[in-house]
Amino acid sequence: DRDVTGVQTCALPILSMEINTPHLDVNQMSHNKLKIDSYKAELNQQIISASVDVSISSGSQPMSLLFKSVETEMQSAIKAELENAPVEGAKKSLDIAEEDDYSPEATAGRIVEMATAFFPAYKEQHPELDDETALDRFMEVIGKGIDTGFEDAKKILGGLEEFKGEVADNVDKTYDLVQNGLTDFREKMLEALLIDKDKDEV
């Protein structure tokens, strides 16, 4: 009897440990998840705050934030395609960003000029493509970056309760002007490429 009792007495703590150990792990995992979620929320807030600081410092809050967002996403799209972002394009981008007119017309003009400045480098790094194919693929790359930049800016402005009224109208107008500018660029580039091709064939 004593031997049986001794075994039972010895087994109970072991059984208890096996039950409690997973319980402690779950609590720890839950605590870690809360810490991660808190960190992500804090990081997102820092990103938004940084964007707002940039816009305030430039003197025209919503449109400055829009331009910065589009610039960031468009350059990310370009860098993903090019082995090295061209110095000329990067310098031109910086010069354009330093201007302080943030009307829809001026902002759209800067976005188009900044984006299209990278086409020569894109074409040079894709010699396997004919001129028109290279142009169309380039337009697709910068188009996606620009679209993402606009959407990000809308989300940030919406979160700040700024995407409404005149601000929303200006953002939408800027987007339309950008699309018109990109279309004009493509048509002019196609015309220039065809002229160069005809010269080469003569």
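Select Val171 first: not counting residues up to four places away in sequence, Val171 touches Met63, Leu66, Phe150, Lys154, Leu157 and Phe163, where contact means heavy atoms within 4.5 Å. The model is a predicted one, in which local features need pLDDT of at least 70 and side-chain atom pairs count only at pLDDT 80 or more, while totals for chains, interfaces and linings use all residues. Residues are numbered from 1 along each chain as its sequence is written, and side-chain values use heavy atoms, with hydrogens and water left out.

Val171 belongs to helix α7 (residues 165-201). Helices (H or I, at least four residues) and strands (E, at least two) are DSSP runs, numbered from the N terminus. Because its relative accessibility is 1%, Val171 counts as buried; buried means under 20% relative accessible area, exposed over 50%, and partly exposed in between (1.4 Å probe, protein chains only).

**The whole chain**

Now zoom out and colour by secondary structure. The protein has 7 helices and 0 strands, in the order α-α-α-α-α-α-α from the N terminus on. Of the 202 residues, 30% are buried. Among contacts between residues at least 6 apart in sequence, 74% join residues at least 24 apart. A surface display would show an accessible surface of about 13200 Å², of which 54% belongs to carbon and sulfur atoms; accessible areas come from the Shrake-Rupley method with a 1.4 Å probe, and for residues only the protein chains shown count as cover.

**α2 and α6**

Next, select α2 together with helix α6 (residues 131-159). Their axes come within 7 Å and cross at roughly 145°. Axes are lines fitted to C-alpha atoms, for helices over the stretch in contact, and angles run from 0 to 180 degrees between N-to-C directions. The crossing is right-handed; a crossing is left-handed if the near helix is turned anticlockwise from the far one by less than a right angle, and right-handed if clockwise. Show side chains at the contact, which includes Leu65, Leu66 and Ile78 of α2 and Phe138, Phe150 and Leu157 of α6. By class, the contact has 15 nonpolar, 4 polar and 3 charged residues. Ala, Val, Leu, Ile, Met, Phe, Trp, Tyr, Cys and Pro count as nonpolar, Asp, Glu, Lys and Arg as charged, and the others, Gly among them, as polar.

**α2 and α4**

α2 passes α4 in a right-handed crossing. Among the contacting residues are Met63, Phe67 and Met74 of α2 and Pro104, Ile111 and Met114 of α4. This contact has 8 nonpolar, 2 polar and 2 charged residues.

**Two loop positions**

Select Leu82, in the loop between α2 and α3 (87-97). Leu82 counts as buried, at 5% relative accessibility, and touches Ala121, Tyr122 and Gln125, not counting residues up to four places away in sequence. From Leu82 to His126, 44 residues apart along the chain, the C-alpha separation is 9.4 Å.

Finish at Glu161, in the loop between α6 and α7. Glu161 counts as exposed, at 60% relative accessibility. Although not a glycine, Glu161 has a positive phi of about 60°.
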